[in-house]
Amino acid sequence: MWQRLKRLYHRLGSPKWFYDITNRWIPWLVVLVVLGAAVGLTLGLAFAPIHSEQANSYRIIYIHVPAALVAQSAYMMMAVAGAVYLIWKMKMAAWVASVIAPVGASFCLIALFTGAIWGQPTWGTWWIWDARLTSMLVLLFLYFGVIAITQAMDSEESGFKAAGIMSLVGLVNIPIIKYSVNWWNTLHQPASLKVIEKSTVDWSMLIPLLIMIITAYGFFALLVILRTRNKILWYERKSRWVKAIMGGI
């Protein structure tokens, strides 16, 4: 068991292995994203019933909820990658963390923007300093902080270390986002999509939402893989295997 974990660790730390293995994943992820978006959006926008209270405005959940979930998950993945770099000095972990930051920030921006669009007809305002909204805004600032500190340090290694520490400290905001609607009196509705309890969303609305959540995670994975592959080609540009690849293009 220990030998298998050790072998997996060395594989994950190998830029060449990552580049080669992701060649197989990319086509499947592209199919997942294209089909998932087509089916999920069609079901959600055209076939899901009109909400009894929010009419058609609720349909933005098929973008808003997946983006918000990915933004939070991405931050946790970035923090884990940062921790791996801080503890074991794995350069691949630092590269992946630096790649996740702008992608996660983009999903966070989408969540905030779509939330504002949803909030206007629902609450009568584009923005309010609600606990859930404010903690999501803090998440965006944390992403920006990680991106900035990575580039601001004198050396790249120092930037990766500082970003890893900052991302770990910022993890405290994730449970605040999740439980803010339970801890404080907020306008934001409690979670309707639950893992261990029965969902309060009707199946006709839930199925396209689940499809869009899976699609959003697939899109996130695709973006991270493509950006990481580009970073690998840059950092390993002097290695023989990269020269062979570039020579064959």
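How exposed is lysine 161, in terms of relative accessible area? Lysine 161 is partly exposed, at 29%, where partly exposed covers the range between buried (under 20% relative accessible area) and exposed (over 50%), with a 1.4 Å probe and protein chains only. The structure is a predicted model, in which local features need pLDDT of at least 70 and side-chain atom pairs count only at pLDDT 80 or more, while totals for chains, interfaces and linings use all residues. Residues are numbered from 1 along each chain as its sequence is written, and side-chain values use heavy atoms, with hydrogens and water left out.

Lysine 161 pairs with glutamate 157 at 3.4 Å, N to O; both lie in helix 6, four residues apart, about one turn of the helix. Helices here are DSSP runs of H or I with at least four residues, numbered from the N terminus. Glutamate 157 is partly exposed, at 43% relative accessibility. In helix 2, lysine 16 and aspartate 20 meet at 2.9 Å, N to O, and being four residues apart, they too are separated by about one helical turn. The remaining bridge joins glutamate 236 and lysine 91 at 3.1 Å, N to O. Glutamate 236 lies in the loop between helix 8 and helix 9 (240-248) and lysine 91 in helix 4, so this pair ties together parts that are 145 residues apart in sequence. Glutamate 236 counts as buried at 14% relative accessibility, whereas lysine 91 is partly exposed at 37%.

Helix 6 itself has 14 residues and reaches 20 Å from its first C-alpha to its last, close to the 20 Å expected at 1.5 Å a residue; the expected span is 1.5 Å times one less than the number of residues. Among its buried residues are Gly159, Phe160 and Ala163, and their cover includes helix 3, helix 4, helix 5 and helix 8 (203-235), contact meaning heavy atoms within 4.5 Å.

Helix 5 brings us to arginine 132, which belongs to this helix (residues 131-152) and counts as buried at 16% relative accessibility. Aspartate 130 caps the N-terminal end of helix 5, with a side-chain oxygen 2.9 Å from the backbone nitrogen of arginine 132. A polar atom of the arginine 132 side chain lies 2.6 Å from the backbone oxygen of isoleucine 177. These two residues are 45 apart in sequence, yet their C-alpha atoms are 5.6 Å apart in space.

A polar atom of its side chain lies 2.9 Å from the backbone oxygen of alanine 48. The side chain of arginine 59 also makes a polar contact with that of asparagine 56 (2.8 Å); such a contact is a pair of N or O atoms within 3.5 Å, where within protein one must be able to donate a hydrogen and the other to accept it, and residues adjacent in sequence count only if both atoms are side-chain atoms.

Finally, lysine 89, in the loop between helix 3 and helix 4, has a positive phi of about 60 degrees although it is not a glycine. Most residues other than glycine have a negative phi. Lysine 89 is partly exposed, with a relative accessible area of 46%.

Note on methods:
Helix = DSSP H or I, 4+ residues; strand = E, 2+ residues; numbered from the N terminus. Salt bridge = Lys/Arg side-chain N within 4 Å of Asp/Glu carboxyl O.
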